[in-house]
Amino acid sequence: MSLTKTFHIQTFGCQMNERDSETLAGMLTDMGYEEQEVRNDADIVIINTCSVREHADERFFGTLGQLKKIKEQRPEFIVALCGCMMQQQHIIDRVKTKFPWVDVIFGTHNIHEFPKLISALASEKERQVDVWEDGGEIVEGLPSKRKFSFKSFVNIMYGCNNFCTYCIVPFTRGRERSRRPEEILREVKALVDDGVKEVTLLGQNVNSYCGMDDAENEVTFPQLLYMLNDIEGLERIRFMTSHPKDLSPELVQAFADCEKICNHIHLPVQAGSDEILKRMNRHYTSARYLKLVDSIRAVRPGIAISTDIIVGFPGETEEDFEQTLDLCRKVGFDSAFTFIYSVRKGTPAEKYEDQVPEEVKHERFTRLVDVVNESAAARNAAMVGKVCDVLVEGSSKHGQEGMLCGRTSGFKLVDFPGDESLTGTIVKVEITEGKTFSLRGQIAE
Ligand code: SAH
Ligand code: SF4
Ligand code: F3S
């Protein structure tokens, strides 16, 4: 039996959580722990939770139930909970009463305190709960154990000020705080020195990034992109998420000027009806959204556009919903994350009276998926015959033996035959088939 202690992190939710889990893994590695693939064999399990929809909450409580048995067999097994669910008092109360064997609870604002909580648990031998209401100063210089050697997430800002009426995130991640541009540049340069070719800049609304540089001047998101575009050795820049209300002409210009910005934008529209958009507190109309799409396509013809859409927001009529379908047809999205509206405790829309019946939401959801899949398939079919730069991610998850997968600049997944040694490199691939969710190809001579 090995004497080295081990950890396992189970991550739910978005890229923010994935990035936070890399920091937690980095801290545990520094503490001398090793990663354990099999969750139930680890000495410490951390569950990094998401609360964006009810389904996410349910999955979490299911997972927690499974861990009880292990705790009974091995009382020294440590269970730690963090992430967006832990920022809500009603969830903490439920954990405390129903799952009293949980050892550590912390939140999204104090992940840097995790090592301290683990040593307090060891010395005090009692449960440690420490959740901060809001983020203080941004803590820089935390370690990170990255999942991929050739691509990386980079936080540029934390929190959200937008309070879309359906959304829990402003309550779980606090107000917007931007990292200093120098810190971001330092991190990206270090990543590039370490072999990273592609960075994805993360923020709930990157378009409202506003970082102070060392001379105390404000740096906007487009300005940050120009700075990153100059980093030698960096090949690809992605970012998410862009809120349409804050997408500036300067950002469109950056797409024209910066060749490292990938040929893809994720631009969540949420709905096609102006009335619904207003009640979602999104601050744009469908006409404005379509204009933005046109302005981006004017500088980057063929850019891939993906989106998020919610069906069944309170008060959504059949007519409102048809406007969403109509907008989807007009844009012709390359892909879309489609969601059924889920009531979130504490959000304004929770109190809206005209909630849409479940069966209506489901029926609309199916119709929406059909429309989105149709444009996705058409956009992918139009790629056939083109030669794309593909960053190879490794062996294909759903292909046969000898198949690799990678991403085009447009973020499209491509499966193609090739040797695993190409992982982490950018190769030219000719597209031979376009499917709804992926492409097939062959390495171009
Ligand atoms: N900051 C990002 C999105 C973060 S949440 C943005 O503004 O685009 C990711 C997606 O989850 C959202 O775009 C939205 O489509 C969906 N979502 C958020 N809250 C939801 C809810 N209560 N019910 C259903 N979908 C929701
Ligand atoms: Fe949620 Fe809106 Fe903020 Fe996105 S912008 S995280 S949808 S409140
Ligand atoms: Fe979920 Fe929190 Fe992200 S609620 S989607 S993990 S910011």
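This is a predicted model: local features need pLDDT of at least 70, side-chain atom pairs count only at pLDDT 80 or more; totals for chains, interfaces and linings use all residues.
Local features require pLDDT of at least 70 and side-chain atom pairs pLDDT 80 or more, whereas totals for chains, interfaces and linings use all residues; side-chain values rest on heavy atoms, without hydrogens or water. Residues are numbered from 1 along each chain as its sequence is written, with chains lettered from A and ligands numbered from 1 in the order in which they are written.

Helices (H or I, at least four residues) and strands (E, at least two) are DSSP runs, numbered from the N terminus. Two strands are taken as paired if DSSP finds at least two bridges between them. An open sheet is formed by 3 strands in the order β7-β10-β13. The pairing is parallel. Strands β7 (151-155) and β13 (236-240) stand at the edges. Each has a single partner strand, so one side of each is left without a neighbour in the sheet. From one strand to the next, the twist averages 25°. Axes are lines fitted to C-alpha atoms, for helices over the stretch in contact, and angles run from 0 to 180 degrees between N-to-C directions. Strand β10 (residues 198-202) is joined to β13 by 5 bridges, and the two run parallel. Within this pair, L201 stands opposite F239 in β13. Helix α6 (residues 181-193) packs on the sheet and touches β7 and β10. The direction of α6 makes about 170° with that of β7. Contact here means heavy atoms within 4.5 Å.

Helix α1 (residues 15-30) contains R19. This arginine, R19, is buried, with a relative accessible area of 9%. Burial is assigned under 20% relative accessible area and exposure over 50%, with partly exposed in between (1.4 Å probe, protein chains only).

Strand β4 (residues 78-83) holds I78. At 15% relative accessibility, I78 counts as buried. Residues up to four places away in sequence again being excluded, I78 touches D43, I44, V45, K71, D103, I118 and L121. I78 and S242 are separated by 164 residues in sequence. In space, I78 and S242 are 38 Å apart, C-alpha to C-alpha.

Strand β17 (residues 387-395) and strand β20 (residues 426-434) pair in the antiparallel sense over 5 bridges. L391 stands opposite I426 in β20. Strand β20 is also joined to strand β21 (residues 439-443) by 5 bridges, and these run antiparallel. Here E433 stands opposite R440 in β21. A hairpin of 4 residues joins β20 to β21. In a regular strand the side chains alternate between the two faces of the sheet.

Ligand 2 is surrounded by C160, N162, F163, C164, Y166, C167, V169, P170, Q204, H243 and R282. A residue counts as near the ligand if one of its heavy atoms lies within 4 Å. By class, the shell has 7 nonpolar, 3 polar and 1 charged residues. Ala, Val, Leu, Ile, Met, Phe, Trp, Tyr, Cys and Pro count as nonpolar, Asp, Glu, Lys and Arg as charged, and the others, Gly among them, as polar. F163, part of this shell, lies in the loop between β8 (157-158) and α5 (169-173). F163 has a positive phi of about 50° although it is not a glycine. With a relative accessible area of 30%, F163 is partly exposed.

A positive phi, about 55°, is also found at K125, likewise not a glycine. K125 sits in the loop between α4 (114-124) and β6 (128-130). At 69% relative accessibility, K125 counts as exposed. A cis peptide bond joins M240 and T241, with omega about 10°. T241 is in the loop between β13 and α8 (249-257).

C388 is buried, with a relative accessible area of 10%. C14, at 31% relative accessibility, counts as partly exposed.
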